[in-house]
Amino acid sequence: MSNKNMTFWGYKRPDGKVGVRNHILILPASVCASDTTRIIASQVNGVITFNNQNGCSQVPKDLQLTLDVMSGFAANPNIYGTVVVSLGCENAQMDLLVGEINKRTNKPLKQLIIQEEGGTLKTIERGVRYAKEMLAEASLLQKEEFPMSELIIGTECGGSDTTSGLAANPAIGSLSDKMVELGGTVILSETTELIGAEHILAKRAKDEEVKEKLYKIIERYEQSLELVGEKVRDGNPSPGNKAGGLTTLEEKSLGCVHKGGTTTINEVYDYAKDVIKKGLVIMDTPGNDPSSIAGMVAGGAQVVVFSTGRGTPTGNPIAPVIKITGNRETFKKMKDNIDMDCSGFIYGEKTLDELGEILLEEVQEVASGKQTKAEQLGYIELGIMRAANYV
């Protein structure tokens, strides 16, 4: 099959989107509901949840970021339906959260308020019933064949070393170009890791408006750090990156931006907002990997491709995370965590185009149901960005 006709098998949603997984999400509206959702999820095979540290004691801008992520999770195409659980007195009130979800999707939705249900045990009982009912409904949905243009691919890098910029990130860039050619969407993330290379990306902006948005998110982030006396350009903030041979943030950024390939940048999105434009886009996310991935998944990414030089085990409960490395030794040491070895480019065994083709096939297989190493291990850690760089 030529790339032009490449397809994957997924699930059609009532809002018109296509999922690559068929999850039921037990969604905690706040930290006070997280243990309850954990217990509900533990009682029903095939449902997912996460530990939400937010949802209360937040100022409005910060709370809105949390609402954007939670509603984006419910709207993500990989979710069949959602059971929202709240305590009842948190900032993220049920009506606020459900209102945000309803703006973004029309998929099945159930609500439980612990204080109104009569406490934890009664909430768990009803939550388990709701989850099992949704799971039965979801099991009736048949996979269908779809073009690769239905995919939104998030890109991430963490635990970087010198091989990340030399091999793994360029391989993702080759994948990005191929996905764009197929009519799909690719998200370049991590605002901190654009700093020092923003002028290079700006030359590829579709128009002046997109260029200004790019510079704005960089400026906004730097200003937020200056308020607490920090200058991000003074050096690479990660000890692991330094140990991996990276000396400055600019050096790291020059390697990181390779994930975006060579095509035109069509839009710049704020954190966790719905990604609508096709082609290559940028999302304003933090450098923290679980938080960055959470933003892209909330924006609609069904699959994430993650490069790591030193070895990072990060996964996500909603979207499969494909882990790749350009470091042959890292792949040998962390084969249980990493899906693909891209070091062949460094050793002259593979071209970037060949690696891009292999990675595209991996994306196709994962989108059709193949489990990633992170999924096999049950890795679901995530974070939600706080509003520090939205001052």
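Predicted model: local features only at pLDDT ≥ 70, side-chain atom pairs only at ≥ 80, totals over all residues.
**View A. Where domain 1 and domain 2 meet.** Domain 1 covers residues 23–140, and domain 2 covers residues 147–377. Looking at the boundary, you will find 14 residues of domain 1 in contact with 15 residues of domain 2. Together the two domains bury about 1,200 Å² between them, and carbon and sulfur atoms account for 58% of that area.

**View B. Helix α1 packs against helix α5.** Here α1 (residues 31–43) meets α5 (residues 120–139) at an angle of about 45°, with 9 Å between their axes. The pair is therefore oblique, and the crossing is right-handed. On the α1 side, look for T36, I39, I40 and Q43; from α5 come T120, T123, I124, G127, V128 and K132. Sorted by class, this contact holds 4 nonpolar, 5 polar and 1 charged residues.

**View C. Helix α2 packs against helix α3.** In this view α2 (residues 60–75) and α3 (residues 94–104) pack at about 50°, their axes 9 Å apart. These helices are therefore oblique to each other, and they cross in a right-handed sense. To trace the contact, start with Q64, L67, D68, M70, S71, G72, A74 and A75 of α2, then find L97, E100, I101 and R104 of α3. Which classes do the residues of this contact of α2 with α3 fall into? They divide into 6 nonpolar, 3 polar and 3 charged.

Technical notes. Residues numbered from 1 in each chain as written. Heavy atoms only, no water. Axes fitted to C-alpha atoms, helices over the stretch in contact; angles between N-to-C directions. Helix = DSSP H or I, 4+ residues; strand = E, 2+ residues; numbered from the N terminus. Parallel < 35°, antiparallel > 145°, perpendicular 65-115°, else oblique. Left-handed = near helix turned anticlockwise from the far one by under 90°. Contact = heavy atoms within 4.5 Å. Nonpolar A, V, L, I, M, F, W, Y, C, P; charged D, E, K, R; others polar. Domains from an automatic or database assignment. Buried area = accessible area lost by both parts, 1.4 Å probe.
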